[in-house]
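This briefing concerns strand pairing and the turns that link paired strands. Please consult the sequence and the structure shown below.

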Amino acid sequence: MTPGPVVTTSATLAAATAPFGLPSWTIPVGGTLVLLVLLLLSGFFSSSEIAMFSLPRHRVEALASEGMPGAETVRELKEDPHRLLVTILVGNNLVNIAMSSVATGLLALYLSQGQAVAVATFGITALVLLFGESAPKSYAVENTESWAMRIARPLQYSEYLLYPLVVVFDYLTRAVNRVTGGRSAIETSYVTRSEIQDMIETGERAGVLEEDEREMLQRIFRFNNTIAKEVMTPRLDVDAISVDDSIAEAIETCIQSGHARLPVYEGSLDNVIGIVHIRDLVRDSNYGGNDDVDLEDLIDPTLHVPESKNVDELLSEMREQRMHMVIVIDEFGTTEGIVTMEDMVEEIVGEILEGEEEDPVTQVDDRTVQVRGEVNIEDVNDALGIELPEGEEFETIAGFIFNRAGRLVEEGEQLAYDGVEIRVEEVENTRIKEARVHRTEEYETDVERPPEENEIPE
């Protein structure tokens, strides 16, 4: 009887080709263990990316200063964020490709080549998405700090191990960015100024911040973009002392004005020669024991700054030179007003009222405020949630009214602008002292209509 053909299956071939005489099950079991290790490495690299780049630099510095284990390594890695990202991507892609290759090889022992490729592709994709990406990254998001410090040292070892590949791909990535004109976003700040402001507003809506805290934080952001002209006390409101006045007259002027410090001028207010403090006046007048002391002997020097001076820089200069008042001048050297330390503090903490001084912005109702003419338009906008524009020629509500009217206005006159109605309440000589601003229910572009009685024509 002639023997039939011998049929060799993949399983039989696997058993026959098992190395070193090992049992047939060593190849699938060993391959499965390799896949598990590679899957763990995939999760390690994926979670590392989230943990390392979600941890802000300022927090890393704080943890390092506290001596937290692993924080110093995290700081070293984040000193070159581009290199760190390339390390993670190289490691992650290597293990994912290796997983696909090993899985295909294992399945080829039991399936046809086409079947093995199809099953390995979809199977490994599902495993990587679930256990190599989704779950590890979710864990890293919830435990950013602790996980970043825990994986910092292994990640550093990975950078050493993959150093040749990391260097090559780091160089190639930077070269491609130069050719395409692109820039690696990983090297820029993860949080911008506008994003911080959005977080402040979100914090108030979520109840994390109080309204006054939110307003103070926003004023801090605006402070750096504010100039002396916007915070100064205008010339018309400045009380001053002539250098020819006696000490008694100077004391009386200080008392009547309600201010402890006043500028001293020679000839006119355009020639301010310094500042005098009522403390020095009273001390030398009543306790000095010297009748020959003149007002000029008690004058302290001051700064003359342009109206375009940044208040952030001005505050630093005033602190360095220990000055509490400076004189603001225009391009022709004419005195425009004065800026005190209190004026700049008020830009951050809000209006500081003394005695019976009235609030410059009084809330009449949800849609209406009564404001003094010198109030900044920005404060009116914040109070009513509107968007009256500022111009190069004006920053105050009085300046806005004059700009829209194109002439002097009288009490009782009113104007409308994009759903906002403004009524002039008080005028002193040519100056607008008070105005009432009302946000209409139709807060949108006004429909053109004939001006009513006493209304300022557009």
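Two strands count as paired if DSSP finds at least two bridges between them. The model is a predicted one, and under this definition strand E2 (residues 241-242) pairs in the parallel sense with strand E3 (residues 261-266), over two bridges. In this pairing, Ile-241 has Val-264 of E3 opposite.

**Strands E3 and E4**

- E3 also runs antiparallel to strand E4 (residues 268-277), to which six bridges join E3.
- Opposite Pro-263 stands Ile-275 of E4.
- The two strands E3 and E4 make a hairpin with one residue between them, and Gly-267 in the turn has a positive phi of about 90°.

**Strands E10 and E11**

- Strand E10 (residues 414-417) and strand E11 (residues 420-428) are antiparallel and are joined by four bridges.
- Gln-414 has Arg-423 in E11 as its bridge partner.
- A hairpin is formed by E10 and E11, with two residues between the strands.
- In the turn of this hairpin, Asp-418 adopts a positive phi of about 45°.

**Strands E11 and E12**

- E11 pairs in the antiparallel sense with strand E12 (residues 431-439), over eight bridges.
- Ala-435 in E12 is the residue opposite Val-424.
- E11 and E12 likewise form a hairpin with two residues between them.
- Asn-429, located in the turn between E11 and E12, has a positive phi of about 60°.

Note on methods
Residues are numbered from 1 along each chain as its sequence is written. This is a predicted model: local features need pLDDT of at least 70, side-chain atom pairs count only at pLDDT 80 or more; totals for chains, interfaces and linings use all residues. Side-chain values use heavy atoms; hydrogens and water are left out.
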